[in-house]
Amino acid sequence: MTPLQIHVIGAGLAGLSAAVRLASRGLAVTVHEATDQAGGRCRSYYDSTLGMEIDNGNHLVLSGNKAALSYLDLIGARAGLTAPPSASFPFIDLATGERWTLRANDGIVPWWILDPARRVPGTRLREYLALAKLLRPKAGATIGEAISCSGPLYARLIEPLLMSALNTEPQNGSAALAAAIIRETLAAGGRNYRPLIARNGLSNVFVAPALEYITGHGGSVNYGRRLRRLALGADRVSALEFGDTSIRLTSSDAIVLAVPPTVAESLVPELPTPTESRAIVNAHFRIDPPAGLAPMIGVVNGMTQWLFAFPGRLSVTISAADDLLELSREDLAQQIWREVAIIANLADTMPGWQIVRERRATFAAVPREEAKRPGAETAWQNLVLAGDWTRTGLPATIEGAIRSGAKAAGILAPQ
Ligand SMILES: Cc1cc2nc3c(=O)[nH]c(=O)nc-3n(C[C@H](O)[C@H](O)[C@H](O)COP(=O)(O)OP(=O)(O)OC[C@H]3O[C@@H](n4cnc5c(N)ncnc54)[C@H](O)[C@@H]3O)c2cc1C
């Protein structure tokens, strides 16, 4: 039986994805979000130190992220992502000063790897061919067990790519999750890995249009509503308790629980969840990007991993950054700025800066954590899970979060 009223708990991208899909099918949707803002780990906010709106972290999606693009199409926001005309990735090696641009061709046959001018300098064709081993890894294997984590191609392309996609040091990362990423992007041809960036802020693209879509379809979004307890019967949830208020559920009401794993674990008895996480550090500098600077540059042999150019701001992303959490914010900003000045040919004087450290940015994409991810369905008929940490087959990404929300919606209201 299709439920009449659906309560979505958590307004991150997984919850919003479930909510818009359900609203599009004519169901009554109420979203309950603990904080005063939607977007969760993918949101914009006004930073008073910089005096401008920034994102909690630089987020990249790729043109092969089908669920994310279909979500943006539904809410009418795809045009908010800017894309280069082809899959091209400028890089710099800070140890040698070399700069190059990887230029992939659009089609599925990667002939660009045959052309030394388009592939990564210093790499050989056989290094690319050896990557095929990563596409069919043994169950539970790490990337280090599936391929050799050394050599120029690894250091200059595979490590930076997988470090950001998995937010985990690749050698110990899950080969199955790396395979999923490579299958849907690198191995699917350049048209599937054009980098897409929300130049005018994540919330303008991924969040605000979804909220409008939900309310425009008769749904509602409540802020400051932290779910404290689920009243669990034998096979159904009978009430939602928010502390000051509670909502009794009828036999035709259902719930999408789209909260982070630590919260889900505290609300649902005996739920297995990933527990180990990895940090992401972002450094933002208030400065106009020099004319001609690429929107995104990969960095090898530095603390900086990716440099993004936004209007009035340069911004650095460092994934799997747990070992940087103990450094002072000032030291971090100084060290990162020294690298940015080299990459972007700027003077040494550091402009206004901000460091944003997300300690528990994502679950650690290692085999033992991957094994703990639960599916969407639970022992309670009217309770479905969503979130980047559920068993999506992908690492914790926008694509995974949005896919999980769409899956939850499909379980409650099959098309
Ligand atoms: C700094 C950073 C950079 C990233 N970069 C990228 C990138 O480049 N590309 C990419 O694809 N992914 C990236 N990610 C990952 C991506 O942001 C996440 O995978 C995605 O946003 C997770 O969405 P979610 O809805 O699963 O979880 P969340 O965003 O965590 O949403 C959960 C929501 O539930 C709410 N909540 C919690 N408890 C309760 C409660 N009790 N009651 C009600 N509500 C509650 C929270 O406030 C939150 O709004 C990055 C993440 C970070 C932190």
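Which of the 35 residues around the ligand come nearest? In this predicted model, Glu-33, His-59, Leu-60, Asp-388 and Ile-398 hold that position. By residue class, the shell around the ligand comprises 17 nonpolar, 12 polar and 6 charged residues.

An oxygen atom of the ligand lies 2.7 Å from a polar backbone atom of Leu-60, and a polar backbone atom of Ile-398 is found 2.8 Å from an oxygen atom of the ligand. For Asn-58, the corresponding distance is 3.4 Å, between a polar backbone atom and a nitrogen atom of the ligand. The ligand taken alone exposes 1000 Å², of which 92% is buried by the protein. Two or more residues of the shell are supplied by each of helix 1 (13-24), strand 14 (277-285), strand 18 (353-363) and helix 11 (398-412).

The packing of nonpolar residues was examined next. The largest nonpolar core contains 49 residues, and within it Tyr-71, Phe-206 and Val-256 have the most contacts. Elements contributing two or more residues to this core are strand 1 (5-9), strand 2 (28-32), strand 13 (253-257), helix 2 (66-75) and helix 7 (202-216), together with helix 1 and helix 11. Helix 1 and helix 11 also each give two or more residues to the ligand shell. Beyond its neighbours within four places in sequence, Val-256 is in contact with Ile-6, His-7, Val-8, Ile-9, Ala-18, Leu-22, Val-384, Ala-386, Ala-408 and Leu-412. Another core, of 37 residues, lies apart from the largest one and includes Ile-113, Ala-175, Leu-186 and Val-300.

Note on methods:
Residues are numbered from 1 along each chain as its sequence is written. This is a predicted model: local features need pLDDT of at least 70, side-chain atom pairs count only at pLDDT 80 or more; totals for chains, interfaces and linings use all residues. Side-chain values use heavy atoms; hydrogens and water are left out. A residue is near a molecule or strand if one of its heavy atoms lies within 4 Å of it. A polar contact is a pair of N or O atoms within 3.5 Å; within protein, one must be able to donate a hydrogen and the other to accept it, and residues adjacent in sequence count only if both atoms are side-chain atoms. Accessible areas come from the Shrake-Rupley method with a 1.4 Å probe; for residues, only the protein chains shown count as cover. Helices (H or I, at least four residues) and strands (E, at least two) are DSSP runs, numbered from the N terminus. Ala, Val, Leu, Ile, Met, Phe, Trp, Tyr, Cys and Pro count as nonpolar, Asp, Glu, Lys and Arg as charged, and the others, Gly among them, as polar. A nonpolar core is a set of buried Ala, Val, Leu, Ile, Met, Phe, Trp, Tyr and Cys residues joined through side-chain atoms within 4.5 Å. Buried means under 20% relative accessible area, exposed over 50%, partly exposed in between (1.4 Å probe, protein chains only). Contact means heavy atoms within 4.5 Å.
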